Amino acid sequence: MSGQKPSLRSGGSPQSRFQVDVVTETSSTTSTSTTTSTDAPKPPEESKARLRVVGFLDAGELGSAMDIGLPPDVSRDPDTGRSDSVSLHSTGTGHTHVSDTHSNTYYMRTFGHNTIDAVPNIDFYRHTAATLGEKLIRPSLSELHDELDKDPFEDGLANGEEPSAAEEAAAALAAKEAKGGTIKFGWVKGVLCVRCMLNIWGVMLFIRMSWIVGQAGIGLTIAIILMATVVTTITGLSTSAIATNGFVRGGGAYYLISRSLGPEFGGSIGLIFAFANAVAVAMYVVGFAETVVEMLSDVDALMTDELNDIRIVGTLTVILLLGISVAGMEWEAKAQIVLLVILLAAIANYFIGSFISIESKEPKGFFGYHSAIFLENLGPDFRDEETFFSMFAIFFPAATGILAGANISGDLTDPQSAIPKGTLLAILITGITYVAITISAGSCIVRDATGDHNDTVSDTVNCTDAACTLGYDFSICKEGGCQYGLINDFQVMGLVSGFSPLISAGIFSATLSSALASLVSAPKVFQALCKDNIYPGLGVFAKGYGKNNEPLRGYVLTFCIGLAFILIAELNIIAPIISNFFLASYALINFSVFHASLANSPGWRPSFKYYNMWVSLAGAILCCVVMFVINWWAALVTLLIVLALYIYVSYKKPDVNWGSSTQALIYNQALTHCLNLTGVEDHVKNFRPQCLVLAGYPNARPALLQLVNSFTKNVGLMVCAHVRTVTRRPNLKELSQEHARCQRWLNKKRIKSFYTHVFSDNLRHGAQFLMQAVGLGRLKPNTLVMGFKNNWSDGDMRDVEIYINTIHDAFDLQFGVVILRLQDGLDVSHIQGQDEIISSNEKPPVGAKDVVVSVILTKDSDSDSCPSKTTSSQSSPLIMRETKSPLSLTDQRLLENSQQFKKKQGKGTIDVWWLFDDGGLTLLIPFLLTNRSKWGDCRIRVFIGGKINRIDHDRRAMATLLSRFRIDFSDIHVLGDINTKPKKHNKLSFKELMEPFRLKEDDMEQEAAERLKAQEPWRITDNELELYRAKNNRQIRLNELLKEHSSAAKLIVMSMPLARKGTVSSALYMCWLETLSKDVPPLLLVRGNHQSVLTFYS
């Protein structure tokens, strides 16, 4: 791959993306010959083109004559006289034009054929693993915009993205499937009939429908059906909206929810939905086994007892169904069609039989249609502690087949069209069927019957039932023991039918078809879930086999779950279990539509328009209410399981990005809140440090980032900024990729920060850009954080001038300034083996045990304060893989110290040297630090300046102020000897430090001194030294006091001395900072912008 240029393929063209050299300075004849024959010899070297044209053409359509974008009407025959009418013209603007001097037909040709700019094409928008067509790559912006002397393909693919191994494998699999002739279904066979209708007309249709009518009566049974239909219809509308909002792959409800609400909801409900389908297999198989065992009981052929016979028959049945499923989707679909025909015949057989009244059936409760029976059965007659909601719980699984078509979305020819049409029509047809059977059964069958021909009416006074008006007295059934009638006989529909064996066949068909559909749906959903690797341990079930990628391992798992529930052998116990699981799925599907509509994302554009966000929300609430109505404790268990799985997936944070509505809503809320904040003035009570951290690459100065993160995390804004100094034109494409890598590194290290970078000629200008431009409304930095420039005295003093002027600029822009100094330095980017910044698709060599990834940067003279310099040979961190080598003791200590703020600090103190009132920032930062668990064991000690004769007064005044600020402290030290003269050897050291940077104007002429000062403005003048003698001594004395009082502190936070701009030279200011912070524990120099950040008012 590395040595080849990428190409676009279209139609039958072997390679339709190409480059040709166009001759622009030759005669018309030469131009013609070049354009009319691909076999023409190459022009001489001196006449080669200055322009290179990249064409995106279909050679199959345009032919070789079109290789440089000529009109399609140009003859390909060099002997044709018309070919000389076409010429190429090179203009001074660098464009090559084609003209037809004989006609205007050129302007009538297909738009876009004479430019590399591609016209809109659906293949540009496909995923890499598209199954309906091959993905094409449109010309990149670089190819259209960059200078012509640059090879547009020098960086790999046109869009700058190399396909990952996973993408290539997926593309290969998609191509293989396309050639292998996978089985795809239309909306009738794939959704309406074979899936949804067969699944909805399940076990309840013949076995429990009549019993529910007997218990609840015709009126309440219709209400139950309508309630279930309302839930399923709203869910069907929501499903249709999601399914038509883009291409739908395999995975059914899981795919719809996960791509709408994200992996957290999708992963939790996907697992539950797959499990519910697996349990549904057991429900349908038990319904089938009940019928078989009852038939065996009628002929006295039971193997053991009824319960164990149900288990035996159920086990054998599920094994048979597993064999059909494993045989493949084609065989399963054929079996479903046969079962559908039988089922339709059985339903027709029932309705025909209901009109045929036979006298021999009357003792068993069937009298044909009579108004007396209808009126008697119109109201409820609940028995055995049954209620309306228990009836609803038992019936509702009959309505859960609406997602059977969506569950095999990957096997549909056109899921976007098939799912809405098939699902909604199936809900309508099956709903009408259930209502019709309810009215029919309630109008022609009495609730209780003895089955005895001798139970005729003998006492018309005490007999008031509908059967009495028809000549039978079944009053003895009130005492119990009757075996016939709506309530007592689960197989009463067979009695009504014209040919009862066909009803038995219908029961077999309804139960087996539903069981088969669930047995296919569960593994398909589970396979899609496992492919997304949301639960890493379940990846073994993602593997598919055969041309249809059948999840054989998923089939086995579903079989095992179904078999376990078959052993319960009680249909009325199994049905309510799965009702809650299905309702939870339906609730989330409805909520997905509401959420996506609420987020108002431009990507939410379903072609199915008959939905409403508020109706979907009502449907979600209704599903939750029904869950608790059916069984409150089962609903709680279901919600707890969903919540536990949600928390687990949220914690694991799978590396997926599906453009969910959750992301869209978060963006909407963030944008709304940002705009709302702009209308509110800042208030001191709401002040929080919002830090712009000049850290370079995030992994270059980890201690700086970790410390700032400690006092800004969940409190204020933190922006990790990188000023890239360049000596050549920046590679903006690399910049974009590097930005993503650095942000990923911050996220991986759980540092709550944004990353941004800017190209500039030096640190100062870059910092100016950042301080002015970074931020959004009120979310704008107000504090500049930098590392101390440790090796400043050994480097170029121009860098020191830039460094100090950056501080001045921050104060000019009303920023606070924070500088962190560690004695060993901050920059660890030159050390191999430290945390890497690497893109997610880059992996170390296979089998390399001692290979580490490190970022190698040249350590600049300003390495602890300025970002790296980018030279012509280096524009990004050099990512190298090499054997780990031993580190020097200095580097080991530096690496250890760089991680000191990452670990818990233990007991100790944070010493706050609040010498000057800067508004309170010097005090606020240590307070925020002690609120963190890592710093929770540290106590704040406050040091202030004062007079020896006022120490107690100053201490009480500061204690009062701190208590009003509600800031806990362990001690207050008043430094009465702060103005004492420093020790002589320390003064001598200070003098030696600044000696190389003095101007020494007394040793030269005034003009030469002025010229040198202008050229090197950092020079320290004698007048400056005299003017600031007291301030020099103060810095030396403060360092002595720091060593005396705070040598054991975990962190020192100290007021940073200010230097008046234009008066104090950069070298002198740097000498102050160096002297003040030398040989002490980690020191944070802080200076606020002198606006109050603390208040004691409520």
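Mentor: Asp 455 lies in the loop that runs between α15 and α16, the latter spanning residues 466-469. The model is a predicted one, and what follows describes its computed geometry. In sequence, Asp 455 and Tyr 472 stand 17 residues apart, while their C-alpha atoms are 5.8 Å apart in space.

Together with α7 (209-243), α15 is a helix that supplies at least two residues of the lining of the largest cavity. The volume of the largest cavity is about 90 Å³. Its lining comprises 13 residues, of which Ile 200, Thr 229, Thr 232, Ala 399 and Thr 430 are the closest to the centre. Sorted by class, the lining of the largest cavity holds nine nonpolar and four polar residues, with no charged residues. Across the whole structure, the search finds six cavities of 30 Å³ or more.

An open space may be considered next. The second largest pocket has a volume of about 960 Å³. It is lined by 31 residues, and those closest to its centre are Glu 290, Glu 294, Asp 489, Phe 490 and Gln 491. Two or more lining residues come from each of α9 (263-298), α10 (306-326), α17 (492-496), α18 (500-531) and α20 (571-599). The most is given by α9, with seven residues. The lining of the second largest pocket divides into 12 nonpolar, 10 polar and nine charged residues.

Two of the helices that line this pocket, α9 and α18, also pack against each other. Their axes come within 8 Å and cross at roughly 160 degrees. Because angles over 145 degrees count as roughly antiparallel, α9 and α18 are therefore described as roughly antiparallel to each other. The crossing of α9 and α18 is left-handed. The contact of α9 with α18 includes 20 nonpolar and 10 polar residues and no charged residues.

With α34 (residues 1029-1045), α31 packs at an angle of about 120 degrees, the axes being 10 Å apart. Helices α31 and α34 are therefore oblique to each other, and α31 passes α34 in a right-handed crossing. On the α31 side the contact is made by Asn 986, Lys 987 and Phe 990, which meet Asn 1032, Asn 1033, Ile 1036 and Glu 1040 in α34. By class, the contact of α31 with α34 has two nonpolar, three polar and two charged residues.

The other packing joins α31 to α35 (residues 1066-1077), at an angle of about 140 degrees and with the axes 10 Å apart. Helices α31 and α35 are therefore likewise oblique to each other, and their crossing is right-handed. Here Phe 990, Leu 993 and Met 994 of α31 make contact with Leu 1068, Cys 1071, Trp 1072, Glu 1074 and Thr 1075 of α35. This contact of α31 with α35 consists of six nonpolar residues, one polar and one charged.

Conventions: Residues numbered from 1 in each chain as written. Predicted model: local features only at pLDDT ≥ 70, side-chain atom pairs only at ≥ 80, totals over all residues. Heavy atoms only, no water. Axes fitted to C-alpha atoms, helices over the stretch in contact; angles between N-to-C directions. Helix = DSSP H or I, 4+ residues; strand = E, 2+ residues; numbered from the N terminus. Parallel < 35°, antiparallel > 145°, perpendicular 65-115°, else oblique. Left-handed = near helix turned anticlockwise from the far one by under 90°. Contact = heavy atoms within 4.5 Å. Nonpolar A, V, L, I, M, F, W, Y, C, P; charged D, E, K, R; others polar. 1 Å grid on protein atoms, 1.4 Å probe; cavity = no way out; pocket = protein on both sides within 12 Å on 5 of 7 lines; lining within 4 Å. Points joined across faces, edges and corners; volume = space filled by probe spheres on them.
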